[in-house]
Amino acid sequence: MLATVGRYLDPWEAHVLRARLEAEGIPASVSGDQHIIANWTLAVALGGVALHVPDAYLEQARQIVAAYQAGAFEEDLLAEH
């Protein structure tokens, strides 16, 4: 089964997080992004874009998303410049 890690009004943010999870070896998918890209005003009505992972990866995915929200990966980007 898939578990929802988070919901986002910005579909691109969901895809950035999906890519980060995949880079960490966690299979992830995004749903609802096409609807919001096609009609942005539906974002809130549809509950945003959902980021999903298999149940077995949920806790690890939550830790990575929390690190992202805390700015941990921004520091990695700044260190490369």
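**Legends to close-up views of a predicted model**

**View 1. Overall composition of the protein.** The protein contains four helices and three strands, where helices (H or I, at least four residues) and strands (E, at least two) are DSSP runs numbered from the N terminus. The model is predicted, so that local features need pLDDT of at least 70 and side-chain atom pairs count only at pLDDT 80 or more, while totals for chains, interfaces and linings use all residues. Residues are numbered from 1 along each chain as its sequence is written, and side-chain values use heavy atoms, with hydrogens and water left out. Starting at the N terminus, the order of elements is β-α-β-α-β-α-α. Along the principal axes, the C-alpha atoms fill a box of roughly 35 × 35 × 15 Å. Of the 81 residues, 32% are buried (under 20% relative accessible area, with a 1.4 Å probe and protein chains only).

**View 2. The open sheet.** Three strands form an open sheet in the order β1-β3-β2, and their pairing is antiparallel; two strands pair if DSSP finds at least two bridges between them. The edge strands, each pairing on one side only, are β1 (2–8) and β2 (29–31). From one strand to the next, the twist averages 30°.

**View 3. The pairing of β2 with β3.** Strand β3 (residues 49–54) runs antiparallel to β2 and is joined to β2 by three bridges. Val-30 has Leu-51 in β3 as its bridge partner.

**View 4. Helices against the sheet.** Helix α1 lies across β1, β2 and β3 and runs at about 15° to β3. Helix α3 also packs on the sheet, where α3 touches β1 and β3, and its direction makes about 20° with that of β1. Axes are lines fitted to C-alpha atoms, for helices over the stretch in contact, and angles run from 0 to 180 degrees between N-to-C directions. Contact means heavy atoms within 4.5 Å.

**View 5. The crossing of α1 and α3.** The axes of α1 (residues 11–23) and α3 (residues 58–69) come within 10 Å of each other and cross at roughly 125°. The two helices are therefore oblique to each other, a class left over once angles under 35 degrees (roughly parallel), over 145 (roughly antiparallel) and 65 to 115 (roughly perpendicular) are set aside. In this contact, Glu-13, Leu-17, Arg-20 and Leu-21 of α1 meet Ala-61, Ile-64, Val-65 and Tyr-68 of α3. The contact residues comprise six nonpolar, no polar and two charged; Ala, Val, Leu, Ile, Met, Phe, Trp, Tyr, Cys and Pro count as nonpolar, Asp, Glu, Lys and Arg as charged, and the others, Gly among them, as polar.

How values were computed. Buried means under 20% relative accessible area, exposed over 50%, partly exposed in between (1.4 Å probe, protein chains only).
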